Amino acid sequence: MHRWRNRHLAVLLWRLPRGEGRTVITLSSRDLPAADRFSWFCDLVARDMAPHNIVTEHASDFPASARLLSLGDRVGVSSVAFPTMQSIRTPRLIRRSDPELWVLALVVRGAMQREQGGNRVNPRPGDLALYDTSRPYWASVATDDVAQCIVLHLPRQAVPVPEQALRRLVATELPSRTGIGALLSELLAGIVKQGPAVEAGQIPRLASAVGDLTTAFLASLCEADGAATADARKAARLRQIKSFIRARLGEPGLTPTAVAAAHHISLRALQYLFREDGGTVGAFIREQRLERCRADLTDPLLADRSVAALASRAGFSDAAAFSRVFKAHYGMPPGEYRRTHGVPQRRNRAGQPDGEL
């Protein structure tokens with residue numbers, strides 16, 4: 001029994017390593033013994049979103065399943081099916097762990113009640129409900145069979161709409177059957193349905209589309225389309241692009257043109273974003289690659305890797321050029337930097353330093 005449980009709890013760490021090419025993980029409590037299914041679901045909710053106190057009459061055998069799609073940078077879409085239950089996010093749980101997420105839930109099956117911030121809403125299938133993991137809330141789901149919700153979670157910093165305005169929307173009725181709300185609902189449902197067919201390389205574009213449409217939806221409800229929101233939206237886009245770059249430093253084809261294309265903006269618009277931030281796209285890529293190499297050179301777990309291999313790992317294809325740039329930035333060649341910071345250097349069969357640069 002413990003082997004079953006440990007294996008599935010490990011799978012719950014579902015944000016996939018880079019480069020595996022997989023975009024979706026599907027999980028089911030049916031793969032576990034009946035006695036472990038409820039605790040498995042509680043762990044899933046805690047890891048995928050935030051810890052809750054969950055109460056159900058089905059604790060002895062909890063039929064649940066989930067399809068999880070990570071869009072990167074802590075943005076995710078989950079489709080979760082479960083029986084009747086109540087969940088509570090208490091002040092104590094918030095103090096213990098708060099991922100600082102805005103959560104937008106699309107009810108697919110079942111009847112829900114939700115209370116937060118003095119508001120109360122009873123969303124039905126087809127309705128959207130917003131809530132905030134940083135404030136206490138209570139939710140109840142009733143169903144004759146299995147309820148289902150599609151949940152979009154976004155880090156607070158990724159939603160460029162004033163927080164006070166958004167907090168007025170939690171646990172209120174949102175217009176999800178017409179206009180932008182209907183488009184957003186259809187997009188979330190489509191992501192769940194087509195997620196297995198989405199290639200890893202398309203995830204950044206999908207994340208951008210989800211973020212833009214969600215921001216447009218929430219900003220329109222808050223009437224928050226002024227200059228402050230426009231500035232916040234640009235800041236959120238810049239954070240998203242920087243996160244994209246950091247995740248792909250090892251790719252030789254990571255150029256300003258490629259970054260602009262991945263985010264569906266012109267090269268000029270990309271350069272303008274970075275210029276307002278006080279730098280350039282090319283300089284940011286180079287600095288991040290250098291910092292990755294510097295960190296790797298001081299990592300004992302990578303002591304068996306040559307300097308040239310670490311440079312290649314960070315996206316530097318020319319070892320000699322890398323050595324010159326590294327020395328100019330840090331004041332010494334990479335091999336000397338590694339020796340100075342006390343990481344044992346790998347040696348070849350002749351006992352000489354291997355891959356010295």
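Q: What percentage of the 357 residues of the protein count as buried?
A: The model is a predicted one, and its secondary structure comes to 13 helices and 11 strands. A residue is taken as buried when its relative accessible area is under 20%. By that cut-off, the share of the 357 residues that count as buried is 46%.

Q: Which elements are included in what covers the buried residues of H5?
A: Helix H5 runs over residues 179-194 and reaches 22 Å from its first C-alpha to its last, close to the 22 Å expected for its 16 residues. Its buried residues are Gly181, Ala182, Leu184, Ser185, Leu188, Ile191 and Val192. What covers these buried positions includes strands S3, S4, S6, S9 and S11, together with helix H6.

Q: Which element gives the largest share of the largest nonpolar core?
A: This core has 32 residues, and those touching the most other members are Leu71, Val77, Leu130, Leu152, Leu166 and Leu218. Two or more residues each are given to this core by S3, S4, S6, S9, S11, H4, H5 and H6. The largest share, eight residues, comes from H6.

Q: Which residues does Leu218 touch, not counting residues up to four places away in sequence?
A: Leu218 is among the residues that touch the most other members of the largest nonpolar core, and a contact here requires heavy atoms within 4.5 Å. With residues up to four places away in sequence left out, the residues that Leu218 touches are Leu130, Val159, Val161, Leu166 and Leu169.

Methods. Residues are numbered from 1 along each chain as its sequence is written. This is a predicted model: local features need pLDDT of at least 70, side-chain atom pairs count only at pLDDT 80 or more; totals for chains, interfaces and linings use all residues. Side-chain values use heavy atoms; hydrogens and water are left out. Helices (H or I, at least four residues) and strands (E, at least two) are DSSP runs, numbered from the N terminus. The expected span of a helix is 1.5 Å times one less than its number of residues. Buried means under 20% relative accessible area, exposed over 50%, partly exposed in between (1.4 Å probe, protein chains only). A nonpolar core is a set of buried Ala, Val, Leu, Ile, Met, Phe, Trp, Tyr and Cys residues joined through side-chain atoms within 4.5 Å.
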